[in-house]
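Me: I have a structure open and want to understand the words used for it. Can we go through them step by step?

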Amino acid sequence: MQLIADFHVHSRFSRAVSKDMNLPTMHEWASYKGIGLVGTGDFTHPTWFAEMREQLRPTAEGLLELKPELRAKSAIANPLFIPTTELSCIYTEAGASHRIHLVILAPDLPTVEKINKSLGENFNLQSDGRPILGISAHDLTEKLLNLNPKILVIPAHVWTPWFSLFGSASGYDSAQVCFRDLLNKIPAIETGLSSDPPMNWRWSELDKFNIVSAGDSHSPRKLGREATVFELEKFGFKELTEALWFNPLAHATRPKNYIAETLEFFPEEGKYHLDGHAKCQKSLLPAETKKLNGLCPVCKKPLTIGVLNRVEKLADRPEGYKNPKRPPYRTLVPLEEAIGEALDVGAGSKAVQEIWTSLIKKFGGEFNVLLETPIADIKNASQEIVAEAIDRIRNGKLIIEGGYDGIFGVIKIFNPKERKKIQQASLF
Ligand SMILES: [Zn+2]
Ligand SMILES: [Zn+2]
Ligand SMILES: [Zn+2]
């Protein structure tokens, strides 16, 4: 059975997160997206954890579900929950300062209680849903695994410059240097929005990890921007753990539980894909940055070095390297964005909302519409231009201005002439 999971999520108790990020709304929107398992996010926050305990109940297989009386009537499925949080380790080691985000998956609520009690003794968990901990990624991992070895530690968005394992301004040049004796206790790394699996395949050091994707959503609509698709015997924590630990590069035969594929953002759309300087509205390719010695051509201050550049620096395989044993991936544009681009109006506009709602209700969620529904059926249920947009996304026929220094990239599916031509043709 396939399960689409998005582990990395934030509650309204994290900075810059929508007030709507409560469990019933997350449940409702995960159902619209087609997510089968969504992280609670922020389980270290005391108020949020109290809500989790009040509103969720364990399933027979060892995950969580929203209590029936809290489920929105409009929900089109019953997505499950898993206790997750993101922790921000900020520390100095061997003279270098590090800021590293880790996503933590816990097997059950009693384990979360243990984690919160233990971390609460030394750190302030109240101030933010994604708390800052003055402890190294290594020591935190050790502490968590001592509390319960079933806990899963996954370095988050590993390439982003400011807060990640390999970040240009915050990370390490090797996971081994960061995690040392605990390296083989890390099952997977998260690509983040600005990188995709092929970029990660290029570095042989990453062969020891699975590669997972998650949305890092701060609002219900952004759930599932990226996700990991599991093939599982049963929807349980044990099966999920087995899948996360099964590394297809290291074994000839596949167990019953494994990662089937990942669903990706176009990495260029991510906000740290290229190098650049937001203040000066300047984005650069790695080769251009090199020529300029890493300095902004406008203000001469250091550029923010993006993900593409970082991968280029650490990778030891050529661009385009593939390993057929790695799970496949597909690249998506959020459906509202795709419809908005097709109609040439904002993703939040009424026209977009009407088409979006009818498509997800008719075809059982956004992932189905984007990935599975025949294009002819989408055309019949909406407009030719919308169907054409989805077809182009499936075939990667897009023009993308790369994101940089915190600014998201911009996706264009049609040029204005093409759009007009398709719209006019469909009138006859
Ligand atoms: Zn993060
Ligand atoms: Zn996050
Ligand atoms: Zn500048």
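Reply: Start with a definition. A donor is an N, O or S atom within 2.8 Å of the metal. Along the chain, the donor residues of the zinc ion (ligand 2) are spaced H-x1-H-x75-E-x129-D. Keep in mind that this is a predicted model.

Me: How do you know that H8, H10, E86 and D216 coordinate the zinc ion (ligand 2)?

Reply: Compare distances. The cut-off is 2.8 Å. H8 (NE2), H10 (NE2), E86 (OE) and D216 (OD) sit at 2.1 to 2.2 Å. Those values are within the cut-off, so these atoms count as donors.

Me: Why is the arrangement around the zinc ion (ligand 2) called irregular?

Reply: Look at the angles. Four tetrahedral donors need all angles between 85 and 135 degrees. Here the four donor atoms subtend angles of 84 to 177°.

Me: Which residues are the protein donors of the zinc ion (ligand 1)?

Reply: They are E86 (OE), H101 (ND1) and H157 (NE2), at 2.0 to 2.2 Å. Their spacing along the chain is E-x14-H-x55-H. E86 lies in strand β6 and H101 in strand β7 (residues 96–105), 15 residues apart.

Me: What bridges the zinc ion (ligand 1) and the zinc ion (ligand 2)?

Reply: E86 does, and the two ions lie 3.6 Å apart.

Me: Why are E86 and H101 called buried?

Reply: Buried means under 20% relative accessible area. E86 has 1%. H101 has 4%. Both values are under the cut-off, so both residues are buried. H10 is buried too.

Me: Now the domains. What are their bounds in the protein chain?

Reply: The domain assignment gives domain 1 (2–269) and domain 2 (334–425). Their centres, taken over C-alpha atoms, are separated by 29 Å. The contact takes 18 residues from domain 1 and 22 residues from domain 2.

Me: How much area is buried between domain 1 and domain 2?

Reply: About 1600 Å², with carbon and sulfur atoms giving 66% of it. K33, F266 and E269 supply 38% of the area that domain 1 buries against domain 2.

Me: What makes the link between E366 and K33 a salt bridge?

Reply: The test is a side-chain nitrogen of Lys or Arg within 4 Å of a carboxyl oxygen of Asp or Glu. The closest N and O atoms of K33 and E366 are 3.0 Å apart. That is within the limit, so the pair is a salt bridge. The count between domain 1 and domain 2 is two salt bridges.

How values were computed. Residues numbered from 1 in each chain as written. Chains lettered and ligands numbered in written order. Predicted model: local features only at pLDDT ≥ 70, side-chain atom pairs only at ≥ 80, totals over all residues. Heavy atoms only, no water. Donors = N, O, S within 2.8 Å, 3.2 Å for Na, K, Ca; no water. Tetrahedral: all angles 85-135°; square planar, octahedral: opposite > 155°, others 65-115°. Buried < 20%, exposed > 50% of the residue type's maximum accessible area, 1.4 Å probe, protein only. Domains from an automatic or database assignment. Contact = heavy atoms within 4.5 Å. Buried area = accessible area lost by both parts, 1.4 Å probe. Helix = DSSP H or I, 4+ residues; strand = E, 2+ residues; numbered from the N terminus.
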